[in-house]
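Please look over the sequence and the structure before reading on.

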Amino acid sequence: SIMKAGIIAAGEGTRLRADGISVLKPLVQVNGVPLIERLLNSFRRNDITEVVCILNESSIEVKKFVEEKSFDIPVQFIVKSTQSSMHSLFELSPFLMEDRFLLTTVDSVFQDYEFSRFLKYSQSRHSVDGILAVTNFVDDENPLYVQIDSKNRITSFKKMEQSASVTGGLYIFSSRIFKERE
């Protein structure tokens, strides 16, 4: 089962600012609840026991927000600006080395039942190093399209529409992925 989760929230929020939204992305509300709070509550309800979150230096307000609320789940923070989500993942890696872990972007929005089904599905797939949630719901000005074969294996990622599916922002990884860095 998945016990630890990593949240990537180190982006600059440039697209939000361009649209005139000054709130930090993790604190943007969906149905009255900040994105980071939605994630942590969902994690707790689905038996995630530990969380590590990477923020950039200008997002200390998010750390303060989480520390002032009680989520009944321990959350550690890494405060560091990174070049990309991949760099953020490698900054999280020392905390996620034990076995399999959940990785998510802070702006992943999903229903609890979808998240539960994703976690349950991942429990039967220990032979693979990565599982990615995909969706056919596209509400992003810069989606990453996913090509999938008949066995639900990802064959490619594309910036242009080539399939009905896009990345959903939820990943289950084996810690074996960090060996790719060496």
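Which residue just after α2 takes a positive phi? Just after α2, that residue is Asp47, with a positive phi of about 65°.

## Basis of the model

This is a predicted model, in which local features need pLDDT of at least 70 and side-chain atom pairs count only at pLDDT 80 or more, while totals for chains, interfaces and linings use all residues. Residues are numbered from 1 along each chain as its sequence is written, and side-chain values use heavy atoms, with hydrogens and water left out.

## Helix α2 and Glu37

Helix α2 covers residues 35-45 and includes Glu37; helices (H or I, at least four residues) and strands (E, at least two) are DSSP runs, numbered from the N terminus. Eight of the 11 residues of α2 are buried, where buried means under 20% relative accessible area, exposed over 50%, and partly exposed in between (1.4 Å probe, protein chains only). Among the buried residues of α2 are Leu35, Ile36, Leu39 and Phe43.

Glu37 counts as buried because its relative accessible area is 14%. Apart from neighbours within four places in sequence, Glu37 is in contact (heavy atoms within 4.5 Å) with Phe65, Lys69 and Phe71.

## The nonpolar cores

A nonpolar core is a set of buried Ala, Val, Leu, Ile, Met, Phe, Trp, Tyr and Cys residues joined through side-chain atoms within 4.5 Å. The largest one has 27 residues, and those with the most contacts inside it are Ile7, Ile36, Leu40, Phe43, Val51 and Leu102. The elements that give two or more residues to this core include β1 (4-9), β4 (50-55) and α5 (112-123), but α2 gives the most, with four residues.

Leaving out residues up to four places away in sequence, Ile7 touches several residues, including Ile36, Leu40, Phe43 and Val51. A second, separate core of 14 residues includes Val52, Ile78, Leu103 and Ile177.

Phe178 lies in the segment after β10 (165-174) and counts as buried because its relative accessibility is 6%. Phe178 and Leu96 are 82 residues apart in sequence, yet their C-alpha atoms are 9.5 Å apart in space. With residues up to four places away in sequence not counted, Phe178 touches Leu89, Phe90, Ser93, Leu96, Met97 and Phe101.

Strands β8 (residues 145-148) and β9 (residues 154-158) pair in the antiparallel sense over four bridges, where pairing requires that DSSP finds at least two bridges between two strands. Ile148 has Ile154 in β9 as its bridge partner, and in the hairpin, which has five residues between the strands, Asn152 takes a positive phi near 65°.
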